[in-house]
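User: Please take a close look at one part of this model. I want to know what it lies against, and how those surroundings are put together.

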Amino acid sequence: MAVRVQAGAFDPGAEVNAMHAANVGVGAVVSFVGYVRDFNDGLEVSGMLLEHYPGMTEKALGKIVVEAEQRWPLLKVEVLHRIGELEPGEPIVFVGVASAHRQAAFDACNFIMDYLKTRAPFWKKEQTGAGERWVEGKTSDSQAADRWDVR
Amino acid sequence: MTIKVVYFARYREAMGMDGEELAGTFATVEEVRQELLERGGNWSVLGDSNLMCARNQDLCKLNEPVADGDEVAFFPPVTGG
């Protein structure tokens, strides 16, 4: 597994292909790509700044990946998150999960994104026509993460 | 004891600093927060009901114990992804 936190852009297609490279035991790859939108919460967004907590970011993402690997039989996991300045249309985050069968890959990818949204120390600041604003955390994200709690 | 306290995003801006060394006696993260809240003014953001915190770069609850040399972080709910 690998966790990357980087300012530079990435190519989602190349990341997906790399999930399968040189491992013919992989029967399923599920990926998620998150993009910067040009509109949020009633305002046009012209740019975004991604702040993070260096050190903890990598540690938190690593823990999420380890937990996913404990819950599902996974062959490869990649988490890539950008930091710094981004423009609408740019990819922010990539999560790739490879497994022998699809269900584990689907579920693990979903789980990793739900946990990343609520446990990884990133903060978005949007540039809008009405000035800059910090994006507020969503209750729906917390509820999405809670559904993975072991009951 | 001396600990390092760090702030992020909206809190970092409100306090005008990334972090600071803090000397005193703190049993828990909550006691650190209470000490900072006593400064009043912009520090009142630490009274947010949805505040998040971490000890030594692991998410924790406010009742987490604190030891000398620890790094304690306070930040608003995370919004990555």
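Analyst: Contact here means heavy atoms within 4.5 Å. The model is a predicted one. The part to follow is helix α2 of chain A. In chain B, α2(A) lies across β3 (52-55), β4 and β5 (71-75). The helix runs at about 80° to β4(B). Chain B has a helix of its own on its sheet: α2(B), residues 29-37. α2(B) touches β1, β2, β3, β4 and β5 of chain B. Its direction makes about 65° with that of β5(B).

Now the chain B sheet itself. It is open, with five strands in the order β2-β1-β5-β3-β4 and mixed pairing. The edge strands are β2 (19-23) and β4 (58-60) of chain B. Each has a single partner strand, so one side of each is left without a neighbour in the sheet. Neighbouring strands are turned by 30° against each other on average, direction ignored. At one end of the order, β1(B) (residues 2-7) and β2(B) pair antiparallel over five bridges. There, V5(B) stands opposite E20(B).

Next, the chain A side of the helix. Chain A has an open sheet of four strands, ordered β1-β5-β7-β2, again with mixed pairing. β1 (2-6) and β2 (28-35) of chain A are its edges. Each pairs with a single strand, so each has one side without a neighbour in the sheet. Neighbouring strands here are turned by 10° on average, direction ignored. β2(A) and β7(A) (residues 91-99) are antiparallel, with eight bridges. One of the bridge pairs is Y35(A) with P91(A).

α2(A), residues 56-71, packs on this sheet and touches β1 and β5 (74-82) of chain A. Its direction makes about 150° with that of β1(A). Another helix, α3(A) (residues 102-119), also packs on the sheet. α3(A) touches β2, β5 and β7 of chain A, at about 145° to the direction of β7(A).

Neighbours within four places in sequence aside, V79(A) is in contact with A2(A), V3(A), R4(A), L61(A), V65(A), F94(A), V95(A), I112(A) and L116(A).

β4(A), residues 43-52, is joined to β8(A) by seven bridges and runs antiparallel to it. H52(A) stands opposite F122(A) in β8(A). Of the seven residues of β8(A) (122-128), six are buried, so this strand is largely enclosed by the rest of the structure. A hairpin of two residues links β8(A) to β9(A). Four bridges join these antiparallel strands, including the pair E126(A) and R133(A).

Last, the open space. The largest pocket has a volume of about 370 Å³. It is lined by 22 residues; R37(A), K117(A), K124(A), K138(A) and G81(B) are the closest to its centre. β2(A) gives the most to the lining, with three residues.

Notes. Residues numbered from 1 in each chain as written. Chains lettered and ligands numbered in written order. Predicted model: local features only at pLDDT ≥ 70, side-chain atom pairs only at ≥ 80, totals over all residues. Heavy atoms only, no water. Pairing = 2+ DSSP bridges. Axes fitted to C-alpha atoms, helices over the stretch in contact; angles between N-to-C directions. Buried < 20%, exposed > 50% of the residue type's maximum accessible area, 1.4 Å probe, protein only. 1 Å grid on protein atoms, 1.4 Å probe; cavity = no way out; pocket = protein on both sides within 12 Å on 5 of 7 lines; lining within 4 Å. Points joined across faces, edges and corners; volume = space filled by probe spheres on them.
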